[in-house]
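Try each task yourself before you read its solution.

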Amino acid sequence: MTPLAALGDRWTLIAIGIVAAIAGTPLGPALAGTMLGHVLVQIPLLVAAGWGIGRYLEPRIDSQLRRWNAGGIPGILLASFAVGFWMIPRWLDGALTDPIVNAAKVVSLVVLAGMPLAWSWPRLHPVARGVVKIELLAMLFRLGWLYVISPDRFCNSYLLTDQVWLGRGLIVVGIALGITWLVPLFWDGFATATDAGAAGTTTR
């Protein structure tokens with residue numbers, strides 16, 4: 001086994017361990033104890049675990065993926081709907097009070113969100129990736145602002161202060177992602193312009 005393959009297997013085991021810990025240990029309820037931990041820690045961890053498992057499985061089902069996920073659009077849509085569903089406050093409440101709903105959350109975020117995302121993102125056209133990023137940022141800012149300014153609780157299982165903290169967290173994550181995605185664009189453009197200028201100076 002090559003070192004790269006061994007690393008992939010190791011990440012797969014870590015991903016499976018994350019799912020097992022959230023589904024079968026006190027870690028899951030602990031993360032869901034606050035709205036911030038539920039939405040910005042537990043849900044992304046489950047999606048990331050699904051990504052890791054999906055990357056492991058991809059070479060084994062590549063022929064099937066080519067038939068139904070050409071261009072990555074179907075998988076991205078499936079992942080978007082799966083994540084969006086569990087952002088609905090009613091179902092966040094349901095995951096806390098009903099073990100069946102909570103199990104459905106774990107399975108769907110891994111199988112219907114993380115795995116399709118792993119299979120689809122590399123296949124997406126760069127323009128489509130940009131659209132997905134813009135929509136994600138818009139969703140984070142919309143939900144964050146709504147949670148911050150709303151005088152009413154959306155989740156019966158959480159206090160209003162939890163909701164406000166989540167809103168602030170969503171806005172902070174949106175700003176951080178925006179900076180992370182925008183800085184390389186400006187930096188690459190600056191580096192390209194600098195290299196072109198240096199090359200022009202050299203040829204004179």
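**Exercise 1.** Work out what share of the protein chain counts as buried.

*Solution.* Start with the length: the chain has 204 residues. Of these, 33% count as buried. Keep in mind that you're looking at a predicted model.

**Exercise 2.** Find out how many helices and how many strands the protein chain has.

*Solution.* Now count by type, and you have nine helices and zero strands.

**Exercise 3.** List the buried residues of helix 6, then say what covers them.

*Solution.* First, locate helix 6 at residues 89-97. Next, pick out its buried residues: Pro89, Leu92, Asp93, Gly94 and Ala95. Finally, look at their cover, which includes helix 3 (35-57), helix 7 (99-120) and helix 8 (126-149).

**Exercise 4.** Decide how helix 3 is oriented against helix 7: roughly parallel, roughly perpendicular or oblique?

*Solution.* Step one: get the geometry. The two helices pack at about 55°, and their axes lie 7 Å apart. Step two: compare with the cut-offs. Roughly parallel needs an angle under 35 degrees and roughly perpendicular needs 65 to 115, so helix 3 is oblique to helix 7.

Step four: see who touches whom. Helix 3 contributes residues including His38, Leu46 and Trp51, while those from helix 7 include Lys105, Leu109 and Trp119. Sorted by class, this contact has 14 nonpolar, five polar and two charged residues.

Note on methods:
Residues are numbered from 1 along each chain as its sequence is written. This is a predicted model: local features need pLDDT of at least 70, side-chain atom pairs count only at pLDDT 80 or more; totals for chains, interfaces and linings use all residues. Side-chain values use heavy atoms; hydrogens and water are left out. Helices (H or I, at least four residues) and strands (E, at least two) are DSSP runs, numbered from the N terminus. Buried means under 20% relative accessible area, exposed over 50%, partly exposed in between (1.4 Å probe, protein chains only). Contact means heavy atoms within 4.5 Å. Axes are lines fitted to C-alpha atoms, for helices over the stretch in contact, and angles run from 0 to 180 degrees between N-to-C directions. Angles under 35 degrees count as roughly parallel, over 145 as roughly antiparallel, 65 to 115 as roughly perpendicular and the rest as oblique. Ala, Val, Leu, Ile, Met, Phe, Trp, Tyr, Cys and Pro count as nonpolar, Asp, Glu, Lys and Arg as charged, and the others, Gly among them, as polar.
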